[in-house]
Amino acid sequence: MKFASLGSGSRGNATLIQAGDTCLLLDSGFSLRELQQRLARLELTPDDLDAVLVTHEHGDHIKGVGPLARKYRMPVWMTHGTWRNANCGDIPELQLFGSHTPPFSIGDIEVAPFAVPHDAREPTQFTFSYRKLKLGILTDAGSFTPPLPAMESEAKAGRPQ
C-alpha cells in the first residue's frame, strides 16, 4: 500500500491511496489542471485513478470533483449529506453512502468510513485496508469522538485495527 499527499491546506486537498491494482483519490480540492500537474509529479494521470472519495463539501476538498468526474467518467463516493450540500454539478457515476455505513470495497481496497465532527453536513474520514495493511487518514476534525482515541491507542500499541 502506498499513499501520497498531493496537497493539504486552504487552497486545496487531495491524497492518493494505491494498493494492488487500485488507485483512489481522497478529495479533489484543486482545479483539474492543477490536479493533473500534481499527479504528473508522481508520473500519474487522472486515467490512473479508479475513483474519488469526498470527505465533505468544503471547496478546498471538493472544488475539482465535478470537472474530474465529468471529463474522466470517474466514480465519486460521498455521503448523502455531502452531496446535498455540494456544488459540483452533475456527477455521472455517483455512489452515496452514510457516515456509519459498513466498510465497502473499491477495487482492491476496503474503505471504512467514520463520522467526524466538523462544520459540514455529513463529514466522514476513512480507513483504507489492503491485505493486512491499514491506513487511516484524518483531516478537518473539530474534536475527538469516541472512535478516535481508540484508533490512536491501537496505533500506539502497533496493532492493526
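Glu34 is partly exposed, with a relative accessible area of 23% (buried means under 20%, exposed over 50% and partly exposed in between, with a 1.4 Å probe and protein chains only). This is a predicted model, in which local features need pLDDT of at least 70 and side-chain atom pairs count only at pLDDT 80 or more, while totals for chains, interfaces and linings use all residues. Residues are numbered from 1 along each chain as its sequence is written, and side-chain values use heavy atoms, with hydrogens and water left out.

Glu34 is joined to Arg38 by a salt bridge, with 2.6 Å between the closest N and O atoms (a side-chain nitrogen of Lys or Arg within 4 Å of a carboxyl oxygen of Asp or Glu). The two residues lie about one helical turn from each other, because they are 4 residues apart in helix α1 (residues 32–40). By this rule, the count is 1 salt bridge.

Turning to the whole fold, the protein chain has 5 helices and 10 strands (DSSP runs numbered from the N terminus: helices are H or I of at least four residues, strands E of at least two). Of its 161 residues, 47% are buried. Among contacts with a separation of 6 or more, 50% link residues 24 or more positions apart (contact means heavy atoms within 4.5 Å).

Strands β1 (residues 2–7) and β2 (residues 14–19) pair in the antiparallel sense over 5 bridges (pairing requires at least two DSSP bridges between two strands). Ser5 has Thr15 in β2 as its bridge partner. The hairpin has 6 residues between the strands, and Gly12 adopts a positive phi near 155 degrees there.
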